[in-house]
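Please keep the sequence and the structure in view while reading.

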Amino acid sequence: MADGVKPRVKVPKTASAGEKIVIKTLISHKMESGQRKDGDGNLIPRSIINRFTCDFNGENVVDVVLEPAISTNPYLEFEAVVPESGEFKFTWYDDDGSVYEETKEIAVE
Amino acid sequence: MQLTRRDAILMGVGATFMTALPLHVSAAGEDAIAAFTGGADVGQGDIKLTAPEIAENGNTVPIEVSSETATEIMVLALGNPTPAVATFKYGPLSASRTASTRIRLAGTQDVVAIAKLEDGSFVQATSTVKVTIGGCGG
């Protein structure tokens, strides 16, 4: 099911130390809720992203548990502090066991 | 065994409890709340839930939660087939206890955000969203 899954993340390229920055993430995923039926009346099995985490230099920023009630192409927006230059690591966990990762560098001026 | 009048009354009271109890607990939303709070009282206070009053399309309803001192925030849509929506846990590098996302709502219903605060207490905020087209594909 890993086809067409594409993470997109928006992080500023630079920040001042300790500054509050806004991070926006979106991953293209159909988030099949397990409630819908196909043309023959059979339930379409659930297939969603069930967890998302964001870490900065190994320290956690946010850890989100997602349920079927999250819309298609799950979008998340949150705020982080950057104490030093480093790398944000974003991880999405799929129901089918796939893990999608994305990293973004940020420089502290 | 002899059935006295007193026994009969006690049995009647017991039967009433037995039937009333499952009805009360069967609401999946309350189960989810109890699982999150561990049965603790949920008060009002430091939690804000921003949701539209009217959502034309229940498939994607933007919501935002914010709090000053929360360590975890759980969002529930009480009218959905599965009430849980998302749980946000904030780590040491989160700048604020806020998050926005987009959710599915099956119909007009209450959306609830419950926050676990730093002192271990729980607070909740509720917002009613009117949904024109449901988002669960029924």
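## Conventions

Helices (H or I, at least four residues) and strands (E, at least two) are DSSP runs, numbered from the N terminus. This is a predicted model, in which local features need pLDDT of at least 70 and side-chain atom pairs count only at pLDDT 80 or more, whereas totals for chains, interfaces and linings use all residues. Residues are numbered from 1 along each chain as its sequence is written, chains are lettered from A and ligands numbered from 1 in the order in which they are written, and side-chain values use heavy atoms, with hydrogens and water left out.

## The interface of chain A and chain B

Where contact means heavy atoms within 4.5 Å, 30 residues of chain A and 28 residues of chain B take part in the contact. The area buried between the two chains is about 2400 Å², and carbon and sulfur atoms give 53% of that area; buried area is the accessible area (1.4 Å probe) that two parts lose on being put together, summed over both. Zero salt bridges are found across this interface, a salt bridge being a side-chain nitrogen of Lys or Arg within 4 Å of a carboxyl oxygen of Asp or Glu. There are 19 residue pairs in polar contact between chain A and chain B, both residues being at pLDDT 80 or more. A polar contact is a pair of N or O atoms within 3.5 Å; within protein, one must be able to donate a hydrogen and the other to accept it, and residues adjacent in sequence count only if both atoms are side-chain atoms.

On the side of chain A that touches chain B, strand 3 (19–27), strand 5 (59–66) and strand 6 (75–82) of chain A each supply at least two residues. The largest share, eight residues, comes from strand 5 of chain A. By residue class, this side of chain A divides into 17 nonpolar, five polar and eight charged residues, where Ala, Val, Leu, Ile, Met, Phe, Trp, Tyr, Cys and Pro count as nonpolar, Asp, Glu, Lys and Arg as charged, and the others, Gly among them, as polar.

## Strand pairing and a serine at the interface

Two strands pair if DSSP finds at least two bridges between them, and strand 5 of chain A pairs with strand 6 (residues 84–90) of chain B in the antiparallel sense over five bridges. Within this pairing, V65(A) has T87(B) as its bridge partner in strand 6 of chain B.

S100(B) lies in strand 7 (residues 97–103) of chain B and counts as buried at 12% relative accessibility; buried means under 20% relative accessible area, exposed over 50%, and partly exposed in between (1.4 Å probe, protein chains only). Apart from neighbours within four places in sequence, S100(B) is in contact with Y75(A), L76(A), E77(A), I63(B) and E64(B).

## Loops of chain A

Most residues other than glycine have a negative phi. M31(A), however, has a positive phi near 50°; it is found in the loop between strand 3 and strand 4 (49–56) of chain A and is buried at 0% relative accessibility. N57(A) also is not a glycine and has a positive phi of about 45°. N57(A) sits in the loop between strand 4 and strand 5 of chain A and is partly exposed, with a relative accessible area of 41%.

S33(A) is likewise found in the loop between strand 3 and strand 4 of chain A, where it counts as buried at 11% relative accessibility. The side chain of S33(A) reaches the backbone nitrogen of Q35(A) at 3.2 Å. Leaving aside neighbours within four places in sequence, S33(A) is in contact with R46(A), P68(A) and R104(B).

## The fold of chain B

Chain B has two helices and nine strands, which run α-α-β-β-β-β-β-β-β-β-β from the N terminus on. Of its 138 residues, 40% are buried.

Strand 8 (residues 109–117) of chain B is largely enclosed by the rest of the structure, because seven of its nine residues are buried. Seven bridges join strand 8 of chain B to strand 5 (residues 70–77) of chain B in an antiparallel arrangement, with V111(B) as the bridge partner of A77(B). Strand 8 of chain B also pairs with strand 9 (residues 122–133) of chain B, in the antiparallel sense over eight bridges, and Q109(B) stands opposite V129(B) there. The hairpin of strand 8 and strand 9 of chain B has four residues between the strands, and G120(B) in this hairpin takes a positive phi near 90°.
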